[in-house]
Amino acid sequence: MRVLVTGGAGFIGSHVVDALTERGHDCFVIDNLSSGSPDNLPDGVKLFEVDVCDKSAVAGVFDEVRPQWVCHQAAQMSVSRSVREPQFDAEVNVLGLLNILTQAHRCDAERIVFASSGGVLYGDVSEPAPEDHPADPISPYGITKWVGERYLQFFAREHGLTCVALRYANVYGPRQNPHGEAGVVAIFCQKMLAGEAPTINGDGKYIRDYVYGPDVAQANAAAFEADVPGKFAAYNIGTGHPTDVNQLAATLRAACQQALAEQGSDVTVPDPPHGPARAGDLRSSLVDAAKARQELGWTPQVDITEGLHRTVDWFAHRASL
Ligand SMILES: NC(=O)c1ccc[n+]([C@@H]2O[C@H](COP(=O)([O-])OP(=O)(O)OC[C@H]3O[C@@H](n4cnc5c(N)ncnc54)[C@H](O)[C@@H]3O)[C@@H](O)[C@H]2O)c1
């Protein structure tokens with residue numbers, strides 16, 4: 001199939017490109033490189049350096065590629081920026097999505113898969129939330145993911161475009177940008193490998209459902225290939241396994257220490273200190289991915305310990321280049 005991946009030069013998008021390419025599909029990428037990099041893309045994948053908000057440029061890409069499948073990963077994904085600049089957030093996440101949906105419909109694409117978010121839809125939950133847990137997004141970023149899913153439902157009902165929303169838990173892994181606010185694993189890896197101590201917000205007992213990026217990419221591939229019931233479906237993509245930031249930091253510290261020793265470095269990774277709690281942080285966020293297992297045949301393959309070690313190895317290798 002010919003697949004257009006928006007945000008394909010980013011963290012999750014580039015793993016989606018890898019997964020689809022390995023399955024024999026032809027991938028094309030739209031990315032404005034605001035946080036992504038062409039270095040994340042395998043050789044031979046055509047990159048259109050285009051902003052999803054640029055209507056005519058997006059239309060031109062669809063005319064050239066005529067994709068059968070569209071994977072929409074591009075987004076403004078900073079919650080704090082969405083609070084400061086809700087209009088910019090909506091331009092990228094709502095109007096950008098509408099550009100993609102409109103072109104997908106115009107060019108007779110068969111299916112679109114959309115990167116949604118479990119955490120921002122379900123809020124604080126102490127047990128893994130199923131898809132029918134009430135959605136109550138509180139940030140403009142969360143509102144755009146909620147609205148995005150409503151637009152998918154509209155295009156499915158009105159135009160017969162098959163639309164799948166994947167509600168990711170906390171995604172981590174190789175290629176995650178350590179300069180964003182969300183990627184705690186990437187931020188901690190970069191600091192610890194430099195021998196610095198990242199600060200743990202508050203008491204560190206903030207529970208998250210960490211899911212490995214390449215596993216999320218396999219979920220995207222399954223969302224294209226599986227027979228989904230109806231024209232619109234939403235699936236949680238996570239592990240349901242709780243990890244708090246203190247546990248995460250301890251595992252990463254040991255893995256970074258080992259990676260540094262293997263590189264011949266005698267740097268000691270300091271114990272991360274605790275700082276003030278960050279206003280608005282959820283205490284606990286977990287998703288139940290039973291529906292993805294049943295209907296997409298997807299289950300995560302890489303557990304948190306293995307995933308963190310692979311991520312540290314990737315960052316350590318990159319830092320040593
Ligand atoms: N990382 C997570 O834990 C997580 C959790 C839930 C949902 N998501 C969603 O997954 C998707 C991918 O996130 P990621 O973690 O890979 O982030 P990322 O920043 O690595 O990837 C986003 C990509 O989109 C590109 N982009 C941003 N704005 C664009 C625009 N206006 N036009 C074209 N390209 C643009 C960026 O350059 C980048 O390559 C996003 O939609 C995000 O909201 C991520």
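How are helices H4 and H6 oriented to each other: roughly parallel, roughly antiparallel, roughly perpendicular or oblique? Helix H4 covers residues 86-106 and helix H6 covers residues 140-159, and their axes run 10 Å apart at an angle of about 20°. An angle under 35 degrees counts as roughly parallel, so H4 and H6 are roughly parallel to each other. Please keep in mind as you look around that this is a predicted model.

**Two helix pairs**

The crossing of H4 and H6 is right-handed. On the H4 side, the residues that meet H6 include Pro86, Ala90, Val94, Leu97, Leu101 and His105. Among their counterparts in H6 are Pro140, Tyr141, Val147, Tyr151, Phe155 and His159.

A second pair to look for is H1 with H8. Helix H1 takes in residues 11-22 and helix H8 residues 213-225. The angle of about 60° between H1 and H8 makes them oblique to each other. Their crossing is right-handed. From H1, the contact draws on residues including Phe11, Ile12, His15, Val16 and Leu20, while H8 brings in Gly213, Pro214, Val216, Ala217 and Asn220, among others.

Here are the two pairs together:

| Helix pair | Angle between the helices | Distance between axes |
|---|---|---|
| H1 and H8 | about 60° | 8 Å |
| H4 and H6 | about 20° | 10 Å |

**The sheet**

Now turn to the strands. Seven of them form an open sheet with parallel pairing, and their order is E3-E2-E1-E4-E5-E6-E11. Strands E3 and E11 (232-237) stand at the edges with a single partner strand each, so one side of each has no neighbour in the sheet. From one strand to the next, the twist averages 20°.

Strand E1 (residues 2-6) pairs with E2 in the parallel sense over 5 bridges, and threonine 6 stands opposite isoleucine 30 of E2. E2 also pairs with strand E3 (residues 46-48), again in the parallel sense, over 3 bridges. There, phenylalanine 28 has lysine 46 of E3 as its bridge partner.

Helix H1 comes back into the picture here: E1, H1 and E2 make a right-handed β-α-β unit.

Further along the sheet, strand E4 (residues 69-72) and strand E5 (residues 111-117) are parallel partners over 4 bridges. Histidine 72 stands opposite phenylalanine 114 in E5. Helix H4 packs on the sheet, where it touches E1, E4 and E5, and its direction makes about 175° with that of E4.

**Two residues with a positive phi**

Finally, a look at the backbone in two loops. Most residues other than glycine have a negative phi. Arginine 66, which is not a glycine, has a positive phi of about 45°. Arginine 66 sits in the loop between helix H2 (55-65) and E4. Is arginine 66 buried or exposed? A residue counts as exposed if 12 or fewer other C-beta atoms lie within 10 Å of its own; arginine 66 has 12, so it is exposed.

Aspartate 108 is not a glycine either, and its phi is positive at about 60°. Its place is in the loop between H4 and E5. Aspartate 108 has 11 other C-beta atoms within 10 Å, so this residue is exposed.

Notes. Residues are numbered from 1 along each chain as its sequence is written. This is a predicted model: local features need pLDDT of at least 70, side-chain atom pairs count only at pLDDT 80 or more; totals for chains, interfaces and linings use all residues. Two strands pair if DSSP finds at least two bridges between them. A crossover is right-handed if, with the strands pointing away from the viewer, the path from the first strand over the helix to the second runs clockwise. Axes are lines fitted to C-alpha atoms, for helices over the stretch in contact, and angles run from 0 to 180 degrees between N-to-C directions. Angles under 35 degrees count as roughly parallel, over 145 as roughly antiparallel, 65 to 115 as roughly perpendicular and the rest as oblique. A crossing is left-handed if the near helix is turned anticlockwise from the far one by less than a right angle, and right-handed if clockwise. Two residues are in contact if their C-beta atoms, placed from the backbone, lie within 7 Å. A residue is buried if 20 or more other C-beta atoms lie within 10 Å of its own, exposed if 12 or fewer, and partly exposed in between; C-beta atoms are placed from the backbone.
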